[in-house]
Protein chains: 2
Amino acid sequence: MSQHHELNADTVHKTWDNSIQPRLTIDAGDTVTFDTRDAADLYYSPDSRSEDIEKRGPFVGHPLTGPVYIRDAVPDDVLAIEVMAMEFASPFGWTAVRKGRGLLPEADVTGPYLQIWDITDGTHARMRQRKDIAVPVDPFAGIMGNALALEGAHSTMPPRVTGGNMDNKHLTAGATLFLPVQVPGALFSTGDAHAAQGDGECCVTAVETCSRITLKFDLLHQKNFAEPQLRTHGPLCTSTNAGSYYATTAQGPDLFANSQQAIRYMIEHLMAERGLSWEESYVLCSVAVDLKISEVVDAPNWLVSAFLPECVFV
Amino acid sequence: MSQHHELNADTVHKTWDNSIQPRLTIDAGDTVTFDTRDAADLYYSPDSRSEDIEKRGPFVGHPLTGPVYIRDAVPDDVLAIEVMAMEFASPFGWTAVRKGRGLLPEADVTGPYLQIWDITDGTHARMRQRKDIAVPVDPFAGIMGNALALEGAHSTMPPRVTGGNMDNKHLTAGATLFLPVQVPGALFSTGDAHAAQGDGECCVTAVETCSRITLKFDLLHQKNFAEPQLRTHGPLCTSTNAGSYYATTAQGPDLFANSQQAIRYMIEHLMAERGLSWEESYVLCSVAVDLKISEVVDAPNWLVSAFLPECVFV
């Protein structure tokens, strides 16, 4: 009979390392409610300012809650993880812009910038200084992953074949994630909750929060995925796909450069049409603008489009 | 007072060339209904087969209806084009797979393959040999563009800063496209209608059809866009965003390679779970699967996801 477990965030780990001892052992079919810390490990407060970003020092890894050992999980299994419930668990959210990080190069970025979001109504992330901007929330875990077979400690920053920092915004409540298992027990961990994010997460942070997330674990022994796959519960972006979108496009032979250029155009649009500062615009792109590959076949120019849901203007 | 015009497809042009004489001169505020020919210039019939692809010979350019000269349009203006109505105007649609074209390299592609779609009910593109697959239609013009300032004849294949073969599936009825003007009169043309397409159009063709499209033209003199921008009328993908999605993901340092890999995983999924052939799977990806840039900031690995709306299985 399946059991329910709780795992608090009193202890976290900040690397992927298959030698980290599991905090919990469960059976397939069990559910676990995880508390997770935000990506900056509780560093920011609602009173934090842009100057605080530099004082924090270099990034040392996302604080993750886990690992969880799933009995009978063996390498080449697939771990199926259903998101039963997901809520953010902070009184505020934050988004940080930092030179040398994110999609746009240092030359574009004017300096460190911290955006604090009011998320107290539970439905929108409100830009504190701009009462006319409210991004509908749709929380998900930026990181869900299994330990790697590779020995040693590995950064939590990049997504990997066993999952990790995928920042896939469609892994909201109801979705099921399928993760490759590389070590006995899978050694699953989660963290890096986002209350809202655009596809692309262009400034490298979303509306960052702590969370309380409930996951159901099952094992598929007959599958063998090379990388994560997922199924959503229903339609995408139900909270934001509610009205018109404004989109910028950029064509050229490189999808990365096109992505940068499409975001630059969107920032110009937001500054000219909505009176946002450069930093506010970049932050809004990161938490609300979706990067789509419109076409990747009309040689030699691929087209990337950046789509802004205009429901964020209230 | 604004006027309505009609432009048939008896005459087409197959390059972008600013020396091509306009077929019609209009004022800003006017509307034009264009008939357009499909990308293969009426070559295929409902009885066409895969062998017919090679017999057609090399691609010589999309047949475009136009150019239209818009009075008072001058370089650095923006031409605003509202899609008033859009319907496909063929009794069938086609999708062709050809080695050396499309997202996947020659080594992946098994041979020329032609898919004929039944679109007679006006709401779905039905895979003729698979009664259980029906892709909701949402027609748009793959090509809307203005002539380039650059002299000479230029291929219709790549999208350009003045628009052209953008294959942006969200330019459906109600959307407004903003195109840079580079020559007096703008010299606008359209064609390459698609009844349905996924973001990415991975096999290089969608559900290809002729069309009848009505556009309203306006001029913005105070704007100066470097590349096309657009606004949708309302939510995205209302016909397909109606239920669950299955998604594959691929991470790595190159968005193009990730896109290829995500599509390979989706093809594997469709073959294993839905019993489609490799070619049927690739074609279905091209007409229904959306490529999203999930994150492009978690160095060194960016994540591309391929999203399949499962409503296509009926």
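A: By class, the lining of the second largest pocket holds seven nonpolar, four polar and five charged residues, where Ala, Val, Leu, Ile, Met, Phe, Trp, Tyr, Cys and Pro count as nonpolar, Asp, Glu, Lys and Arg as charged, and the others, Gly among them, as polar. This is a predicted model, in which local features need pLDDT of at least 70 and side-chain atom pairs count only at pLDDT 80 or more, while totals for chains, interfaces and linings use all residues. Residues are numbered from 1 along each chain as its sequence is written, chains are lettered from A and ligands numbered from 1 in the order in which they are written, and side-chain values use heavy atoms, with hydrogens and water left out.

Q: What makes the second largest pocket a pocket, and which residues are the closest to its centre?
A: On a 1 Å grid over the protein atoms alone, a pocket is an open set of points where a 1.4 Å probe fits, with protein on both sides within 12 Å along at least five of seven lines, whereas a cavity is a set from which the probe cannot get out; lining residues have an atom within 4 Å of a point. The second largest pocket has a volume of about 300 Å³, a volume being the space filled by probe spheres set on points joined across faces, edges and corners. Of its 16 lining residues, the closest to the centre are K223(A), F225(A), Q229(A), H269(B) and E273(B).

Q: Which element gives the most to the lining of the second largest pocket?
A: That element is α2(B), with six residues; helices (H or I, at least four residues) and strands (E, at least two) are DSSP runs numbered from the N terminus. Both β19 (229–231) of chain A and α2 (255–274) of chain B supply at least two residues of this lining.

Q: What is known of the largest pocket and its lining?
A: Its volume is about 360 Å³, and of the 26 residues that line it, D138(A), K169(A), T172(A), C237(A) and T238(A) are the closest to the centre. The lining divides into 14 nonpolar, ten polar and two charged residues, and it draws at least three residues from each of domain 1 (4–231) and domain 2 (245–312) of chain A, with bounds that come from an automatic or database domain assignment.

Q: How do you know that the two domains of chain A are in contact?
A: Contact means heavy atoms within 4.5 Å, and 34 residues of domain 1 of chain A are in contact with 24 residues of domain 2 of chain A. The domain centres, taken over C-alpha atoms, are separated by 24 Å.

Q: Why is the relation between chain A and chain B called a two-fold axis?
A: Chain B superposes on chain A by a rotation of 180 degrees with 0.0 Å of shift along the axis (RMSD 0.0 Å), and that is the relation of a two-fold axis. The superposition is by least squares on the C-alpha atoms of residues with pLDDT of at least 70 in both copies. The same surface serves both copies, as 100% of the contact residues of chain B recur in chain A.

Q: What makes the peptide bond between A299(A) and P300(A) cis?
A: Its omega is about 0 degrees, and P300(A) is found in the loop between β21 (290–295) and β22 (302–309) of chain A. The bond from G66(B) to P67(B) is also cis, with omega near -5 degrees.
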